[in-house]
Amino acid sequence: MANEAIATEPPVERGFLVGTELKGRYHRWSVEDSLAELAQLARTAGVEVVGQTYQRLERINPATYIGSGKVEELRERREELGYNMVIFDDELSPRQQRNLEEALGDVKVIDRTALILDIFAKHAHTHEGALQVELAQYEYRLPRLTHLWTHLSRQGVGGVGLRGPGETQLESDRRQIERRIVQLKRELARVHAHRQRYRERRRRAGIPVVAIVGYTNAGKSTLLNAVSGSHVLVEDKLFATLDPTTRRVKLPRGEVALFTDTVGFIQKLPAQLIAAFHATLEEIEEADLLLHVVDITNKNALEQSRTVEDTLRELGVADKPVVTALNKIDLLSNPSSIQRRLVNFPNSLAISAKEGIGLEELLARIEAVLAQSLVFIKALIPYRAWELVSLFHLQGVVEREEHNRNGTLLWGRIPGRMLAAFRPYLV
């Protein structure tokens, strides 16, 4: 009995948050609101937040990001609060991270990017998701590699900001990590090819695709469950959904659409994630319509909405049709206020995915917007391609039909996504 191993819980990481705001610049988010979101991210990663501070700066200090006086304040607050981690709300350079850790002593210093990557590592449940997170982590850590070796030998453990590929891999030389990055990109290229084949089959079937987009924790998975009758994981945490999930949804007039739940967006989304998750984000690029879910109960709902719109522009999909669902109206203390809020969100409806309020109207609006994207064509379909005639009748609107020795001549309107299948036969 004396030799039995006793399982012990890893020590809780106590985090202190640091934000900055540059004077004279427009900021969509106040530094206080941004730090509140950073605290929520930290708690999602399992960090106990014990305090925070911020500094308004004329310019960023190239050595330590914040001013020397604020660094001294952090040292003093450590004695008072006993934190063992400092989390910055903006991305630090390798030099700034190293200098801060030297100035603060035996304290781990990470930034918002490392924190988000850590949460993604915890929530990547599929092979593809794990590959994408690992690639993003390595590309973020590669320029910080020399610093990480020193840091890991001192800390002895990984923990928040260092989860994922593992410490032993990080202790390998730079060439090994660069080779691993190349290998990950090859594997993701194969995933990309597989997804392309799947999407091509989907296009041939002519089923419209609706991508559910929105700020993290807006209720996208709850909405997908509500309209499809499925059981996608729902958690009241940031980035609970990482891997895309697609479900068939029957629209009011009987047509079927594919609804895809995508990873949530967030302000200051790391560039590494946008690049690494290209295969997943292609679901948004391929969609016929974007269903933008907004948590209308959040005091920063408008700022969150604008952040999502900015990210969609970065992805080059801002010109797609959008229907906006203002979610969680069951939680509003004054439900009548929703009419005033609708004005700020074009083509929007008020719903509660959890309570099933407004979902029929939402699906009818989606169906109407999809129908508006029909394009007129005239096509002569050879008899050997009879399945296209069936597809035209099923997914389009046939206005005239004739038969001759060469095939079936059709006039009518089809969804724009189907145009490629009919292009060889256009008259």
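## Surroundings of I87

Apart from its neighbours within four places in sequence, I87 is in contact (heavy atoms within 4.5 Å) with F16, L17, V18, L38, A42, V47, I110, D111 and L115. The model described here is predicted, so that local features need pLDDT of at least 70 and side-chain atom pairs count only at pLDDT 80 or more, while totals for chains, interfaces and linings use all residues. Residues are numbered from 1 along each chain as its sequence is written, and side-chain values use heavy atoms, with hydrogens and water left out.

## Nonpolar cores

A nonpolar core is taken as a set of buried Ala, Val, Leu, Ile, Met, Phe, Trp, Tyr and Cys residues joined through side-chain atoms within 4.5 Å, where buried means under 20% relative accessible area, with a 1.4 Å probe and protein chains only. The largest such core has 44 residues, of which I87, F265 and I284 touch the most other members. At least two residues of this core come from each of α1 (31-44), β3 (85-88), α4 (112-123), α5 (127-141), β5 (209-214), α10 (271-276), α11 (278-285) and α12 (301-314); helices (H or I, at least four residues) and strands (E, at least two) are DSSP runs numbered from the N terminus. V249, L251, V293 and I366 are among the members of a second, separate core of 24 residues.

Helices α1 and α4 pack at an angle of about 35°, with their axes 9 Å apart; axes are lines fitted to C-alpha atoms, for helices over the stretch in contact, and angles run from 0 to 180 degrees between N-to-C directions. The crossing of α1 past α4 is left-handed, a term for a near helix turned anticlockwise from the far one by less than a right angle, whereas clockwise gives right-handed. On the α1 side the contact involves S34, E37, L38, L41, A42 and T44, and on the α4 side R112, L115, I116, I119, K122 and H123. These residues comprise six nonpolar, three polar and three charged, where Ala, Val, Leu, Ile, Met, Phe, Trp, Tyr, Cys and Pro count as nonpolar, Asp, Glu, Lys and Arg as charged, and the others, Gly among them, as polar.

Between α4 and α5 the angle is about 155° and the axes are 10 Å apart, which makes α4 roughly antiparallel to α5; angles over 145 degrees count as roughly antiparallel, under 35 as roughly parallel, 65 to 115 as roughly perpendicular and the rest as oblique. This crossing, too, is left-handed, and in it T113, A114, L117, F120 and A121 of α4 meet V133, A136, Q137 and Y140 of α5. By class, the contact of α4 with α5 has seven nonpolar, two polar and no charged residues.

## Packing of α2 against α3

The axes of α2 (residues 68-81) and α3 (residues 94-104) come within 10 Å and cross at roughly 45°, and the two helices are therefore oblique to each other. In this right-handed crossing, V71, L74, R75 and R78 of α2 meet L100, A103 and L104 of α3. The contact of α2 with α3 divides into five nonpolar, no polar and two charged residues.

L142 lies in the loop between α5 and α6 (145-155) and is buried, with a relative accessible area of 16%. Beyond its neighbours within four places in sequence, L142 is in contact with R174, I177, E178 and I181.

In helix α9 (residues 220-228) the buried residues are K220, S221, L223, L224, N225 and V227, and their cover includes β5, β6 (245-250), β7 (256-261), β8 (289-295) and α14 (359-372).

Terms used: Buried means under 20% relative accessible area, exposed over 50%, partly exposed in between (1.4 Å probe, protein chains only).
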